[in-house]
Amino acid sequence: MSTNAQKKGFGATLWDFLTTVDHKKIAILYMIAGGFFFLVGGLEAMFIRIQLAVPNNDFVGAGLYNEILTMHGTTMIFLAAMPLLFGFMNAVMPLQIGARDVAFPFVNALGFWLFFFGGVFLNLSWFLGGAPDAGWTSYASLSLASEGHGVDFYLLGLQISGAGTLMGGINFLVTIINMRAPGMTYMRMPLFTWTTFVASALILFAFPALTVGIFLLMFDRLFGSNFFVTAAGGNTVIWEHLFWIFGHPEVYILVLPAFGIFSEIIPVFSRKRLFGYSSMVFATVLIGFLGFMVWAHHMFTVGLGPIANAIFAVATMAIAVPTGIKIFNWLFTMWGGSIKFTTPMHYAVAFIPTFLLGGVTGVMLAAAAADYQYHDTYFVVAHFHYVIVGGVVFAVLAGTQFYWPKMFGTMLNEALGKITFWLFFIGFHLTFFIQHFLGLWGMPRRVFTFIEGQGFETANLVSTIGAFFMAVATVVLLINIIITSIKNEKVGNDPWGDGRTLEWAIPSPPPFYNFKQLPLVRGLDPLWIEKMEGKKGMTPAEPLGDIHMPNNSFTPFVISFGLFVAAFGAMYRLDYNWGLPVLILGMAITFGSMFYRSVKDDHGFHIHKEELTDDNDKGVKA
Amino acid sequence: MHAEEKMTLEKWPAAPEKQTLEGKNKFVGFWLFLGGETVLFASLFATYLALKDKVPNPEHALAKDLFEIPLAFLMTMLLLTSSLTSVYAMYHMKNFEFKKMQLWLGITVLLGLGFLGCEIYEFNHYVHEYHHTFTSSAFGSAFYTLVGFHGGHVVFGLSWIILLMARNAKRGLSLYNAPKFYLASLYWHFIDVVWVFIFSVVYLMGMVG
Amino acid sequence: MENNQTNTGNPSVDITYRRKRNAEEMRHQVISFALMIFFTVVAFVAVGSGMSGWFTVPFILLLAAVQVVFQLYYFMHMSHKGHEAPALFLYSGLLVGLITILTFLTIVWW
């Protein structure tokens with residue numbers, strides 16, 4: 001088991017990544033795959049904006065526009081935002097709590113490969129007869145009527161990747177519950193770990209509803225059932241409920257980790273502990289709880305009746321309270337701090353007013369009576385892009401810059417990083433601020449074009465110009481990544497100089513066992529405490545000893561690949577004779593490899609303490 | 001204590017399923033999974049309740065026409081008893097009595113198979129006697145999906161227990177497989193929990209009308 | 001580690017003690033099983049006797065709930081120590097599930 005990956009050939013490196021169960025490598029896999037899908041989703045966004053740049057445009061046709069629109073939403077939520085956040089969770093959370101690995105390394109790898117194959121399956125629809133075209137919400141009446149296999153790609157792809165997400169969520173929860181270092185109590189956990197915890201709990205309870213919803217729609221489309229067929233007694237509102245019982249918590253699954261990333265960045269660059277730590281934790285948990293009580297605000301215009309609408313409206317508005325607590329805490333953390341305006345801090349400072357705008361329009365939309373006006377207009381589009389881009393994408397970009405040295409051992413260029421920030425920040429507001437007005441002026445969402453003379457021309461053109469700014473910003477980021485990787489100037493444990501939490505106490509990138517000796521945590525911001533007492537690093541909590549590590553495995557890849565094959569079989573079962581055999585073959589691959597995994601003994605291996613001591617520094621006695 | 005260590009009665013701990021870190025992780029992780037499964041089955045129950053007796057035409061069979069007390073009662077007894085037998089299996093596991101544990105697990109499997117046989121007969125009966133199928137109505141779709149998901153869990157649970165029994169038949173108990181046996185039995189109890197609601201909500205309430 | 005406070009350092013004494021305790025617990029399990037069977041029979045009889053639905057439906061749901069508590073706390077050992085996280089997550093799941101069921105009974109058809 002070699003520890004230095006530098007000297008390996010390409011084939012060996014590839015095999016290493018295909019079989020890895022190391023959370024830091026899985027994090028890199030999530031970042032690569034999520035980053036790729038982010039570019040795909042971004043390209044789709046550009047097509048949308050080009051099409052809408054001028055009235056009566058024919059850049060893409062109406063049908064293709066629907067496919068692009070559907071895939072943009074689906075890709076960005078399920079295949080870009082969540083995996084990128086999962087990447088950060090994998091990379092950072094186990095380090096923050098002082099763990100050597102996650103609770104289920106094998107399941108962690110399986111979760112990634114399921115997401116990956118699900119995402120690939122969904123995107124193959126472009127080449128196999130057309131992408132899904134019923135919107136990312138895929139409302140049953142519309143998706144049942146959709147011809148071809150587009151919606152089937154959506155259903156099967158999301159079912160596979162959703163299973164992966166659920167596994168990831170359980171894995172993070174158990175890691176946090178069981179594997180915290182000595183002294184790391186719940187109320188000493190960094191905020192990013194807390195938000196990972198709550199977001200994972202939301203995944204655990206929200207994804208089963210999506211699983212059921214997708215199963216029902218899949219049965220209706222592929223196996224002749226009648227859940228949503230009104231003529232046979234079905235009801236399409238059931239889909240809307242199931243989708244949003246998942247869909248609304250999903251918003252918080254995305255935004256809570258984003259809050260967590262900013263809650264790490266702001267104290268580091270304000271060089272002050274997070275203001276109101278316990279109220280931040282409380283607000284996080286409360287947002288998670290309320291997140292399950294509000295889903296029907298997506299359905300105000302369905303006709304649920306005034307009582308249901310009123311209940312859900314009030315519950316929705318209540319979420320503004322814990323979110324407000326967070327906003328004030330971030331401001332008070334900066335207040336009086338000695339602020340360093342690094343690139344991550346730029347994003348953090350820009351995030352607060354941007355997200356606030358999204359929050360305020362959220363309260364406007366929560367007023368059920370007023371929602372009848374806003375519903376299905378660009379006002380809604382503007383609102384959720386302010387929340388998701390202004391919250392999640394800003395956080396992902398900030399986190400990339402912030403944690404890049406910890407993940408790869410080298411710093412991204414700060415000057416280029418700031419160029420990316422300014423281009424993205426300006427482009428974002430240019431694109432989406434005007435869309436509030438477009439919506440209020442009456443432009444409906446999900447339309448592939450608009451006609452002249454309704455007063456939408458200038459605003460749409462402005463919006464499209466903004467989108468190009470964001471595209472250029474992304475290109476600059478890619479250039480930054482390439483330049484940095486070529487230069488590869490190695491950095492030490494704490495490259496930002498003001499790290500407060502445990503991940504900054506170990507080398508960048510960390511050795512595969514993370515901590516030679518588990519650290520003793522003596523309070524919130526444990527590394528900062530040691531620094532304030534003039535120590536260089538953490539005090540170990542245990543003597544140097546053998547470390548138990550799991551073996552690499554190719555099985556997660558094979559299990560996921562089997563489902564990928566089976567999905568093709570399920571979809572083409574009625575069209576071709578080979579459908580059913582392929583379905584059975586795929587399931588056989590999956591269950592066969594699960595069987596192999598269960599029957600084989602896999603006890604992992606031990607790193608002996610002699611191997612640990614021959615590094616440059618001798619292990620400190622506990 | 002390492003997971004792969006050869007065990008003796010003297011070394012066997014009081015809570016073998018939670019002795020290793022792997023065991024502790026599996027224990028918590030599996031309970032969390034059951035929390036998620038609760039939502040999954042709740043969604044299926046909710047769908048069933050919303051679509052109960054929603055049929056395309058008046059000739060179609062309704063819940064009160066379909067269900068009969070004797071069969072539902074028999075199935076309930078089989079599954080409830082199998083829950084107790086798996087408790088016996090875990091009792092012997094804690095006492096480090098491998099042979100007896102295997103025996104009780106075997107009985108659990110037989111009872112589970114009996115339940116499955118009844119369910120297959122029942123579905124077959126509804127399809128042929130009442131033309132109540134998966135595709136005949138929204139009610140049919142919801143009924144077969146809810147009860148079928150539970151049946152699928154029974155199949156998975158049985159395969160799991162059989163696999164564990166076969167795999168460890170020669171190896172005996174260790175701290176490596178004790179958590180696995182424990183989780184399989186938790187899963188089996190959860191299947192029974194779901195069935196308690198199925199027989200109450202689907203069958204009994206269906207007969208009430 | 002739960003249950004390890006019984007360690008006297010003498011393995012055979014420990015085992016005898018633990019076996020006795022396990023046997024006692026097993027007796028409780030059998031009693032709860034008998035009660036569960038009893039509740040089931042009562043529920044089936046209540047429906048079979050043809051009483052009004054206004055009585056039987058809440059009644060059998062109550063019996064089901066009690067039975068499930070027995071399953072969880074005795075058969076699945078939730079009454080033991082070290083089940084705080086399981087309980088938290090099971091009840092959270094149950095809450096989400098019950099809200100789902102409530103909505104599907106009220107605002108799906110109107």
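How far apart do the C-alpha centres of domain 1 of chain C and domain 2 of chain C lie? They lie 23 Å apart. This is a predicted model in which local features need pLDDT of at least 70 and side-chain atom pairs count only at pLDDT 80 or more, while totals for chains, interfaces and linings use all residues. Residues are numbered from 1 along each chain as its sequence is written, and chains are lettered from A and ligands numbered from 1 in the order in which they are written.

**View 1. Chain C and its two domains.**
Chain C is divided into domain 1 (4-79) and domain 2 (82-110). Domain bounds come from an automatic or database domain assignment. Chain C holds three helices and zero strands. Its pattern along the sequence is α-α-α. Helices (H or I, at least four residues) and strands (E, at least two) are DSSP runs, numbered from the N terminus. Of the 110 residues of chain C, 27% are buried. Buried means that 20 or more other C-beta atoms, placed from the backbone, lie within 10 Å of the residue's own. Two residues are in contact if their C-beta atoms, placed from the backbone, lie within 7 Å. Among chain C contacts between residues at least 6 apart in sequence, 45% join residues at least 24 apart.

For chain C, the unreviewed UniProt entry gives "transmembrane region" at residues 30-48, 54-76 and 88-109. UniProt positions are given in the numbering used here, feature names are shortened, and annotations may be inferred rather than shown by experiment. Residues 30-48 of chain C are 100% helix and 0% strand, with end C-alpha atoms 27 Å apart. Residues 88-109 of chain C are 86% helix and 0% strand, and here the end C-alpha atoms lie 33 Å apart. In chain B, UniProt (unreviewed entry) assigns "domain: Heme-copper oxidase subunit III family profile" to residues 28-207. That stretch of chain B is 82% helix and 0% strand. Residues 9-522 of chain A are 70% helix and 0% strand.

**View 2. Where chain C meets chain B.**
Here 47 residues of chain C are in contact with 42 residues of chain B. On the chain C side, helix 1 (11-48), helix 2 (53-75) and helix 3 (84-106) each give two or more residues. Helix 1 of chain C provides the largest share, 15 residues. By class, this side of chain C has 28 nonpolar, 16 polar and three charged residues. Ala, Val, Leu, Ile, Met, Phe, Trp, Tyr, Cys and Pro count as nonpolar, Asp, Glu, Lys and Arg as charged, and the others, Gly among them, as polar.

**View 3. Where chain A meets chain C.**
Twelve residues from chain A and twelve residues from chain C form this contact. Helix 7 (191-222) and helix 8 (237-270) of chain A each give two or more residues to the chain A side. Helix 8 of chain A gives the most, with four residues. The chain A side has nine nonpolar, three polar and no charged residues.

**View 4. Helix 16 of chain A.**
Helix 16 (residues 457-487) of chain A has 31 residues. From first C-alpha to last, helix 16 reaches 46 Å, close to the 45 Å expected at 1.5 Å a residue. The expected span is 1.5 Å times one less than the number of residues. Its buried residues include A:Asn460, A:Ser463, A:Gly466, A:Ala467 and A:Met470. An α-helix has 3.6 residues a turn, so residues three or four places apart point the same way. The buried residues of helix 16 pack against helix 2 (23-51) and helix 15 (414-441) of chain A. A:Asn488 follows helix 16 of chain A, and its phi is positive, near 50°.

Notes: A residue is buried if 20 or more other C-beta atoms lie within 10 Å of its own, exposed if 12 or fewer, and partly exposed in between; C-beta atoms are placed from the backbone.
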